[in-house]
Amino acid sequence: MNPASRRVQRIYLILLLGNTLAASFIWGINTLFLLDAGLSNFEAFAANAFFTAGMVIFEIPTGVVADTVGRKASYLLGTITLSVTTALYWMLWLWHAPFVWWALVSVLLGLGFTFFSGAVEAWLVDALGSTGYTGSLEAVFGRGLVVTGIAMFAGSVLGGVIAQATNLGVPFLVRAGVLILMFLYSFIVMKDLGFTPDHSMGPVKATRNVLTQSIEHGLRKRSVRYVILSAPFASGVGIYAFYALQPYLLQLYGDKSAYSVAGLAAAVLSLAQVAGGILAPRIRGLFAKRTTAMIGASLASIAALLVLGLNSLFWLAIVLLVVWGFVFAVAGPVRQAYLNDMIPSKQRATVLSFDSLFGSLGGVFIQPALGRAADLWGYGTSLMIGGIVELIGIPFLFASRRQGDPADDKRAREDAAPAVPDVS
């Protein structure tokens, strides 16, 4: 990795660090926050579903912003939108607002995140290409997981402790403040390298053109299409499980007011993510094909959810949480690298947003359904149902494998690149 590539990677890792730190302040207590505001389990996960619905609605338009205006512009808009909507969330909690307002602001939260999805990853891949980087994308994405895991650990623990010492609303205010700092940092250091925005078309024509090209290079390319079609099942169940584990662990622990224990759930996942990020390039090296690693990780995730649902011991739930988080973390960089190697640069951000859109679609329908299952039969049963739902996505990964895309076998010249992140 030459000095220019190293600088690009450093900026990318700092962006991930700030974003994840801001987000994770509320990850450990988000479900408890919604329940404390007077929502039922169904309403709490329905609010999360409206958040993912917002991501579905805005994924393509914001992907067009990244591909036609610029990746930096998209990131800046994301930080501002998320900061404002996070503050609105705090106000709704303060007022014990009716569900309809939670639904509306949740959609706007989804808008904020869609400015990030695809844009930062596309910025990284294009910028690395422009600086002559020839190493492993899995290694860079793995370092990203290490950094986000560390940030997630710090943020979720601090969020739980802050909520315990003050109230459930303060972590949301801290999150809004960190996002403002990230806006200032990215405004100064981010530059669109290896990518020239196309300003020749108006917004409507640009949207139509980029969407057409994205469908051409996304859904019409079979190897990409099947990976995208698998996203709703893994992502929808993953989002639900992450938030359902907060009250479920408190239930197993026996103290529903122990907010720091809820923060522990996110902290444990973050440590598993760090380990997964470090080992992802090495584990990828054990398999001839990327899809083999992805399918194996999905099956391990499903098994962990099924056993979690049957378990009644707090300590064993923590162990299973580590396993579930680890296999998710290992699969992430492999899947990212596989998709990026099949997508042209000009459509990269929008196709990645397309992929995120399908993942969000799963959250729209799966989260409230599993939340209702938790109301009727308990969190354990809902996690088992989630494992069965995730199983539906496995045949799509096999279908992508059968296409024989060169990206499935691709290995970079520097697969053994150091896994420890360099942010100096």
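## Burial and surface

Of the chain's 424 residues, 58% count as buried. The model is predicted. Its accessible surface comes to about 16100 Å². Carbon and sulfur atoms account for 70% of that area.

## Fold and dimensions

The chain holds 16 helices and 0 strands. Along the principal axes, the C-alpha atoms fill a box of roughly 55 × 40 × 40 Å.

The radius of gyration is 20 Å. A compact globule of 424 residues would have a value near 22 Å, so the chain agrees with that expectation.

Which share of the contacts with a separation of 6 or more comes from residues 24 or more positions apart? In this chain, such pairs account for 89%.

## Charge

Charged side chains number 28 positive and 21 negative. The centres of the two sets lie 5 Å apart.

## A closer look at Asn48

Asn48 sits in helix α3, which covers residues 41–69. Is Asn48 buried or exposed? Its relative accessibility is 7%. The cut-off for buried is under 20%, so Asn48 counts as buried.

Which residues does Asn48 touch, leaving aside neighbours within four places in sequence? The contacts are Asn30, Leu34, Tyr243 and Gln367.

Key. Residues numbered from 1 in each chain as written. Predicted model: local features only at pLDDT ≥ 70, side-chain atom pairs only at ≥ 80, totals over all residues. Heavy atoms only, no water. Helix = DSSP H or I, 4+ residues; strand = E, 2+ residues; numbered from the N terminus. Rg over C-alpha atoms; globule rule 2.2 N^0.38 Å. Buried < 20%, exposed > 50% of the residue type's maximum accessible area, 1.4 Å probe, protein only. Contact = heavy atoms within 4.5 Å. Areas by Shrake-Rupley, 256 points an atom, 1.4 Å probe, with all protein chains shown as cover. Lys, Arg positive; Asp, Glu negative; His and termini not counted. Charge placed at Lys NZ, Arg CZ, Asp CG, Glu CD.
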